[in-house]
Amino acid sequence: MTPLTPEQKRDGALLAAALKAIRRHRGMRALEVAVRMNLSVRTYENFESGRIRVNTDYIHRFCDATDSDPHAVMTSIALGAPEFAVDCADNKLMSILLLSVREYHERVGRGAAAVEMRDAVAVFREMFTRLGEETERREREAAAWLKTGLDALADRRPKPGQ
């Protein structure tokens, strides 16, 4: 087996951190994931530990086995942020983004070449700013709704001594 380059080792360490975090997030054991991926436990352990080259087929199989987002796993390596893979495991954010890009490509085709870099930067930054603001707004609304509801329930409970 060819030794890994320093960059491959770094990517392997990032992948290992992402995979372990997702597996733990799902409450799964290595054996269970290995079986679902149709791999021997030893092969799975080498994959999860980053001792082998990053393998996109294994990443997709892992994500099928753990119901997580393969595109977020791969992006977490590029970002140097393994926690990003866990953050997107449930909402499939990177898969949604990639599907949106695919729809855009199907709609405009080679027209994408005409997009100015500054316009793309402005649009994407605005989109993600709005997405963050909308998420925060909905979180606040949900928390306020829950508090109001719980307060109403508490008001209806009999008071001590009644």
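Me: Where do I start with a predicted model? What is the mean pLDDT of the protein?

Reply: Start with confidence. pLDDT is the predictor's confidence in each residue, from 0 to 100. Here the mean pLDDT is 94. A value of 70 or more is reached by 99% of the residues.

Me: Which helix has the lowest mean pLDDT among the elements, and which the highest?

Reply: Helix α1, residues 6-25, has the lowest, at 94. Helix α6, residues 83-87, has the highest, at 98.

Me: Next, cysteines. How many disulfides does the structure hold?

Reply: The general idea comes first. A disulfide is a covalent bond between the sulfur atoms of two cysteines. This structure holds zero disulfides.

Me: Is Cys63 buried or exposed? And Cys88?

Reply: Compare each value with the cut-off. Buried means under 20% relative accessible area. Cys63 has a relative accessible area of 2%, so Cys63 is buried. Cys88 also has 2%, and Cys88 is buried.

Me: Now charges. How many salt bridges are there?

Reply: Look for a side-chain nitrogen of Lys or Arg within 4 Å of a carboxyl oxygen of Asp or Glu. By this rule the count is 12 salt bridges.

Me: Which residue meets Arg10 in a salt bridge?

Reply: Asp11 does, at 2.8 Å from N to O. Now look at the two surroundings. Arg10 is partly exposed, with a relative accessible area of 43%. Asp11 is buried, with 16%.

Me: What about Asp57 and Arg61? Where do they lie?

Reply: Both lie in helix α4, residues 56-66. They are four residues apart, about one turn of the helix. Asp57 counts as partly exposed, at 42% relative accessibility. Arg61 also counts as partly exposed, at 25%.

Me: How many residues apart are Glu134 and Arg137?

Reply: Glu134 and Arg137 are three residues apart in helix α8, about one turn of the helix. Their salt bridge spans 2.4 Å, N to O. Glu134 is partly exposed, with a relative accessible area of 28%. Arg137 counts as partly exposed too, at 31%. Salt bridges can also share partners, and here they join Glu134, Arg137, Arg138 and Glu141 into one network.

Me: Let us turn to a loop. Which side chain does Ser68 contact?

Reply: A polar contact pairs N or O atoms within 3.5 Å. The side chain of Ser68 makes one with the side chain of Thr66, at 2.6 Å. Ser68 lies in the loop between α4 and α5. Ser68 is buried, with a relative accessible area of 5%.

Me: Last, backbone angles. What is the phi of Asn38?

Reply: Asn38 has a positive phi of about 65°, although it is not a glycine. Asn38 lies in the loop between α2 (30-37) and α3 (41-48). Asn38 is exposed, with a relative accessible area of 67%.

Me: And Lys92? Where is it found?

Reply: Lys92 is found in the loop between α6 and α7 (93-108). Lys92 has a positive phi of about 55° and is not a glycine. Lys92 is partly exposed, with a relative accessible area of 22%.

Technical notes: Residues numbered from 1 in each chain as written. Predicted model: local features only at pLDDT ≥ 70, side-chain atom pairs only at ≥ 80, totals over all residues. Heavy atoms only, no water. Helix = DSSP H or I, 4+ residues; strand = E, 2+ residues; numbered from the N terminus. Disulfide = S-S within 2.5 Å. Buried < 20%, exposed > 50% of the residue type's maximum accessible area, 1.4 Å probe, protein only. Polar contact = N/O pair within 3.5 Å; in protein donor to acceptor, adjacent residues only side chain to side chain.
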